[in-house]
Amino acid sequence: MKVLGIETSCDETAVCLIEAEGDFGSTFKCTVLGNALLSQAETHRPYGGVFPNLAKREHSKNLVPILHTALQQHIHEERSNTQLPRVEILKILEREQGLFEQLIDFLETYSKPDIDCIAVTVGPGLEPALWVGVNLARALSTVWDVPIVGVNHMEGHIAISMMDIVSGFMKSQYRDFASPDIVMRGSIARFQFPALALLISGGHTELVFMQKFGQYEFVGQTRDDAVGEAFDKVARLLQLPYPGGPEIEKLAEEARYRGLVCDISLPRPMQHDTTYDFSFSGLKTAVRRIVELQRSISEPLSENIKRCIAREFEDAVTDVLVAKTLRAIETYGTRTLIVGGGVSANTHIRSELSRQLLTVSCQLLMCPPELATDNALMIALAGYFHAAEGDFIDPATLRANGNLELAKQR
Ligand code: KG4
Ligand code: ZN
């Protein structure tokens, strides 16, 4: 089955075409046939975070070129004699400025690709941004007569972390419009259910119990900021550019590498309480106080103070995430931990989880760091498993839902 994945939930515009076969288990195989992703990070950088309506405008502008790039080896120029249902397409795309003209041009120029279904992120995320992908999927489904699967973005992060990936994406093509080669093959890693999933991204921090793929119960959640949000806010306090996660990671690594001796300590919020919930906003406030104190007694923050704060912050976050996760693994008796979301690209968090999981005989599944942040492969993968079950949705009733929940409360 060939699945076209579309992702526009935040500030990445991404399209990926996969060919997958088999069921959820040892028979599953997947090949990436085309992939393109454009990050809007540069656009949002002056604002220090993602601006929803700007994200929507950028998705509308870039989604058709990204679609074209992802599909370029699978479409050919062909002036068709059949009339496009322009009025219907216009109605679907009336709120997506600029998308209509580009899409009509694309559809009039190229043949229909050989695809079986479209998988699109319906939530959670920034609702104006989500609608762009959803409406493109609805328009393509109408013209090409292929069914749609609505995908939960967080399930996409889980799906990609369950893969055993043979060869990774090449970073250079992954970030821009360059030609997509066939660069990845995957199957499902061998592991046992029930599993625990630790989802750490810009909008979410969740521990989820999984009896099987598609069945989720919340074990714990953040009560305030998501962990990625905390990385981004602390980075802003340290005058580092958006997105802050990789910037903090870089400074923290420099502090460790140089063996900096620092007199800074941050709290480990909720590390030892009895719940599996998290709280990161206090950590950000503690960093703000240190920064303000430093400013009141001296000049601007020195590079070494920034490095010290970054390391202590990363250590504090890691301690809390690891402690809670280990305790949940023991309580729920899970033999597999699946870690997903953009923050799981973090080297220190990855290595601490790997190291400490050895003590509880639990298998750790994580995707390569370059696939941990948002992409459309994860959406195509999760979409495939639903499509294989015939879990399609009527394009007329398909809606974006910024607050879509993955799980029910346990
Ligand atoms: O999953 P993702 O790409 O988007 C959402 O679904 O939110 O996650 C983005 C988040 C951002 O907050 C970003 O700062 C963080 O992931 N992030 C990192 C790293 N790379 C990205 N955080 C810590 N260390 C990293 N290396
Ligand atoms: Zn994400």
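Tutor: In this predicted model, ligand 1 is surrounded by 20 residues, of which the closest are G202, D232, E249, G342 and D374. Several polar atoms face oxygen atoms of the ligand. A backbone N or O atom of G342 lies 2.9 Å from an oxygen atom of ligand 1. For G245, a polar backbone atom is 3.0 Å from an oxygen atom of the ligand, while H153 places a polar side-chain atom 3.1 Å from an oxygen atom of ligand 1.

D232 and G245 also take part in a helix contact, in which F231, D232, V234 and A235 of α8 meet G244, G245 and I248 of α9. By class, the residues of this contact are four nonpolar, two polar and one charged. Helix α8 covers residues 227–237 and helix α9 covers residues 244–258; their axes come within 8 Å and cross at roughly 65 degrees. The two helices are therefore roughly perpendicular to each other, and their crossing is left-handed.

A second pair is formed by α10 (residues 281–297) and α11 (residues 303–332), with axes that come within 11 Å and cross at roughly 165 degrees. Because of that angle, α10 is roughly antiparallel to α11. The crossing of α10 past α11 is right-handed. On the α10 side the contact is made by L283, V287, I290, V291 and Q294, and on the α11 side by I305, I309, F313, A316 and V317. Nine of these residues are nonpolar, one is polar and none is charged.

Note on methods:
Residues are numbered from 1 along each chain as its sequence is written. Chains are lettered from A and ligands numbered from 1 in the order in which they are written. This is a predicted model: local features need pLDDT of at least 70, side-chain atom pairs count only at pLDDT 80 or more; totals for chains, interfaces and linings use all residues. Side-chain values use heavy atoms; hydrogens and water are left out. Axes are lines fitted to C-alpha atoms, for helices over the stretch in contact, and angles run from 0 to 180 degrees between N-to-C directions. Helices (H or I, at least four residues) and strands (E, at least two) are DSSP runs, numbered from the N terminus. Angles under 35 degrees count as roughly parallel, over 145 as roughly antiparallel, 65 to 115 as roughly perpendicular and the rest as oblique. A crossing is left-handed if the near helix is turned anticlockwise from the far one by less than a right angle, and right-handed if clockwise. Contact means heavy atoms within 4.5 Å. Ala, Val, Leu, Ile, Met, Phe, Trp, Tyr, Cys and Pro count as nonpolar, Asp, Glu, Lys and Arg as charged, and the others, Gly among them, as polar. A residue is near a molecule or strand if one of its heavy atoms lies within 4 Å of it. A polar contact is a pair of N or O atoms within 3.5 Å; within protein, one must be able to donate a hydrogen and the other to accept it, and residues adjacent in sequence count only if both atoms are side-chain atoms.
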